[in-house]
Amino acid sequence: MFIVAAGLLFALGLLGACDRAQTQPQRDTRKKIWEDFSGDRALANVQTMVDFGPRPPGTEAIEKTRKFLTTQLEASGWKVERQVFFDETPRGKVEFVNLIATFAAKDSKPSFLVCSHYDTKTFDTARFVGANDGGSSTGALLELARVLAERPDLAGKVELVFFDGEEAYEAFTDTDGLFGSRYFAKRLAAESKTAQFRGGILFDMMGDRSLTITLPPDSPAELARDIFASAEALNVRKHFTYFDRDITDDHTPLNDAGIPTIDLIDFDYPPWHTPEDTMDKLSAESLRIVGAVTAYYLSEIALK
Ligand SMILES: [Zn+2]
């Protein structure tokens with residue numbers, strides 16, 4: 001049916017050739033979504049979240065953040081599930097909510113995860129809004145959702161997960177920090193769904209004006225190679241390197257569960273976990289670079 005219609009359009013185009021390029025819609029599967037990823041939109045998403053104020057788990061601001069994310073995701077065709085759970089923390093029992101977004105595409109089953117945490121670290125005295133830490137990656141993931149939706153064939157293969165409770169109340173231990181990703185990985189295993197995912201990308205701190213994505217040295221080798229290749233293809237390879245130490249982050253429980261997951265994080269960020277982690281440290285271009293590389297990687301390599 002589609003081929004016949006396309007053939008007819010083509011024949012008509014030959015008859016009146018000159019404006020065919022404008023009138024024939026571009027085929028979805030050819031769309032270069034990495035060119036559509038907007039750093040400005042991603043940055044505006046971050047601004048919205050930062051304007052809600054600090055977003056520690058269980059606060060009104062983090063619930064506002066969830067509503068914002070959900071509304072935006074649904075507007076571009078994603079279905080959002082709230083994965084609610086309680087966990088013991090050094091501050092007592094806390095409610096956490098992961099948001100899991102899947103695309104309403106026919107006959108599709110997600111095989112790849114793209115994730116970010118959206119909570120901010122709890123500070124008793126300082127006002128910490130996490131523009132880069134929790135903000136940048138989430139704003140970029142929301143923009144990625146928008147461009148993926150332009151390619152339903154791709155979007156159907158991706159599950160987007162917004163983790164709550166990445167930050168430790170005191171320090172990372174088996175029971176402090178990574179609350180959302182630990183629970184998510186545990187549920188996948190309990191539901192025998194781990195094997196459904198052959199890989200994952202974690203976004204974290206990626207908005208610094210002076211962008212250097214510092215991949216953890218223990219990153220899955222094939223993923224790292226393909227991310228470098230995607231960066232090379234988009235002429236932004238110089239912004240990607242390896243970190244000199246391992247990094248504990250939300251990719252850790254996923255890797256432990258057997259889903260090879262890479263952490264796209266810029267750990268060379270002096271305002272990290274200080275009140276200085278504010279919007280003025282970020283640039284739209286940095287968000288665009290990481291977003292475009294990820295979109296290219298998904299479209300041209302991982303899910304081709
Ligand atoms: Zn942090």
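Which residues line the largest cavity? Good morning, everyone. I shall answer that at once and then move on to the zinc ion, a pocket and the domains. Please keep in mind that this is a predicted model.

The lining of the largest cavity consists of P57, D119, T120, K121, T122, E167, A168 and Y169. Sorted by class, three of these residues are nonpolar, two are polar and three are charged. The space inside the largest cavity comes to about 30 Å³. If we count cavities of 30 Å³ or more, the structure holds one. For those new to the subject, empty space of this kind is found by rolling a probe the size of a water molecule over the atoms.

Please note E167 in that lining, for E167 is also a donor to the zinc ion. Are D133 and E167 buried or exposed? Both residues are buried.

Next, the geometry. Why is the arrangement around the zinc ion irregular? The angles subtended by the four donor atoms run from 54 to 145°, and the arrangement is therefore irregular. As a reference, four tetrahedral donors would ideally have angles of 109.5 degrees.

I turn now to the second largest pocket. Its volume is about 200 Å³. Its lining comprises 14 residues, and E81, I100, E159, E191 and K193 are the ones nearest its centre. Strand 1 (78-89), strand 2 (92-103) and helix 8 (179-190) are the elements that each supply two or more residues to this lining. Which element gives the most? Helix 8 does, with four residues. By class, the lining of this pocket has six nonpolar, three polar and five charged residues.

Finally, the division of the chain. Domain 1 covers residues 1-30, and domain 2 covers residues 31-302. Taken over C-alpha atoms, the centres of domain 1 and domain 2 are 38 Å apart.

Thank you for your attention.

Definitions and conventions:
Residues numbered from 1 in each chain as written. Predicted model: local features only at pLDDT ≥ 70, side-chain atom pairs only at ≥ 80, totals over all residues. Heavy atoms only, no water. 1 Å grid on protein atoms, 1.4 Å probe; cavity = no way out; pocket = protein on both sides within 12 Å on 5 of 7 lines; lining within 4 Å. Points joined across faces, edges and corners; volume = space filled by probe spheres on them. Nonpolar A, V, L, I, M, F, W, Y, C, P; charged D, E, K, R; others polar. Domains from an automatic or database assignment. Donors = N, O, S within 2.8 Å, 3.2 Å for Na, K, Ca; no water. Tetrahedral: all angles 85-135°; square planar, octahedral: opposite > 155°, others 65-115°. Buried < 20%, exposed > 50% of the residue type's maximum accessible area, 1.4 Å probe, protein only.
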